[in-house]
Every structure is written in C-alpha cells, then in structure tokens.
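Open the model in your viewer and keep the selection tool at hand.

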Amino acid sequence: LADAIALAHRGETEGLTCLFEHTAPNIWMMAAVLGCPYIGTAVTQIYRRAWNEVSSLRSPSDLRVWIGRIAFDELLRQPEDIGRNIPALSGDSAEAYRVISGLPRQERTALLLLCGDGCSAPQAAEILSQPDIEIKRAMRRARQTIAAHMKQVGCTKTCNTAWLIAVLEEMRHAQADAAATELEQVLTCVQTGAEYREAEPSVQMEEPVPQMEDTQEKSGFFQKWFRSRRFG
C-alpha cells in the first residue's frame, strides 16, 4: 500500500488500481447496506474524488479514515432507504442481513464503520464528524436489535461483535463476487474519465424485518476482488 500511495501521488494509475482493489469491495457492500439506488454511479463518484484528493493520503495507516470520509460523504447524500439485496448468503447471515437492512440509517452506519471497516470509535467519529459516544450508542442499539431478532428465529450463535464482523465479511465477499463485472467497469471509468453507465437500480431487499420497539436511549445521531479485509 505504501508503494501504491507513492505511485498514486505521481499520478500513475497502477497506484489507483491497487488502492481501488483494496477498498472498493467494501465500499460497494456499504452502498448496498445503506440502500444506495445506483451503487455503481456512487462508487464511480467516490473514486473520482479519491483520485483528485490522493495528495492528502500520506500513509497506509491513514487509508481507512481518508477513504471513509470520501465514501460516507457521498453515500449519506443518497436517498435514505432499506438495504439492497446481497446474494448467496448462508442461512444465519441471510437472516441477520434481513434485520440489518431495515435498521435506521445511523445504526447501519455505525455497524458498517465499527464491524465492517474495523474502525475504532474515534476513527468513526473523525469520518462522520460526530461524537464517538453517539456512534457507540447507535452500535449498541443495532447489536441489541439484531441479537433479539436472531434469538427469536432460533439462532444459537452468540451475536457479539466478532460474529457481526464475520457476517459483514461474508456479505463483502458475496457482494464483491456478484459485482465483479461492475467493479471492473467502475475502475475503467475512473482511470479513463469515461461515463459510467448504470445497468439498472440495484434490487431492493424484498422483506425487511419490521423495526422492533427500542427501549434504549434515543440519540440525535445524524443521519477481492482483493480477498478483502476490512480496509486499512
């Protein structure tokens, strides 16, 4: 990644390609979970902006926050909706995603940052320009809702943070495999400046789980390809 950053600073597309392959599968998955209607178009815009702002990326340790700021700035401008379909998930993961897809957007965002990207609460707060206590509260509400639903449907697994990380990892692999052609098209468009042509809006989840009554404190929190790991 350090070599890729150096290449990108010199304007060489090999550096962009490496950074893209390292982070794009996760961003595509985040766009799906947040209900983005035109995922390919949004991801294209994110990486065009990233290419223009690559001079502000200094080291691999900065990558998570740097790309996170750019990605969430774009994704949270999208219409608020339930999560989009992610194909080929196993039974428990598919059931977990049914409830995740219908969580309030701030709870999905906290889940994606803390369990999907592997951010610390301070890193997530920096990405979103929000107090880290708000992000922790949203994450707690998300975990409680998911755990209650999984218990209700007879899941015997412990719905802790490690399990949620594994679920999001499976979602990322499944989404990256399904979207491999689109990811390649996005990279080509970013490299060449060509227009990205969206085939059709992504398919919405058919039956999101209804919201459970939340008795916890309500906060004002805003609204591999690369055999990916959580980026950074």
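Select Leu 183, Val 186, Leu 187, Cys 189 and Val 190 in H10: these residues are buried (under 20% relative accessible area, with exposed over 50% and partly exposed in between; 1.4 Å probe, protein chains only). They lie on the same side of H10 because they cover an arc of only 165° around the axis, taken from the directions from the helix axis to the C-beta atoms. Helices here are DSSP runs (H or I, at least four residues), numbered from the N terminus.

This is a predicted model, in which local features need pLDDT of at least 70 and side-chain atom pairs pLDDT 80 or more, while totals for chains, interfaces and linings use all residues. Residues are numbered from 1 along each chain, and side-chain values use heavy atoms, without hydrogens and water.

Turn to the other side of H10, where Thr 181 and Thr 192 are exposed.

Next show H2, helix H3 (39-52) and helix H9 (161-178), which are among the elements covering the buried residues of H10.

Now colour the largest nonpolar core, which has 72 residues. Such a core is a set of buried Ala, Val, Leu, Ile, Met, Phe, Trp, Tyr and Cys residues joined through side-chain atoms within 4.5 Å. Helix H2 (residues 13-33) gives the most to this core, with 11 residues.

Centre on Phe 72: beyond its neighbours within four places in sequence, its contacts (heavy atoms within 4.5 Å) include Met 30, Leu 34 and Ile 127.

Finish at Arg 137 in helix H8 (residues 132-152), which counts as partly exposed because its relative accessibility is 22%.

How values were computed: Helices (H or I, at least four residues) and strands (E, at least two) are DSSP runs, numbered from the N terminus.
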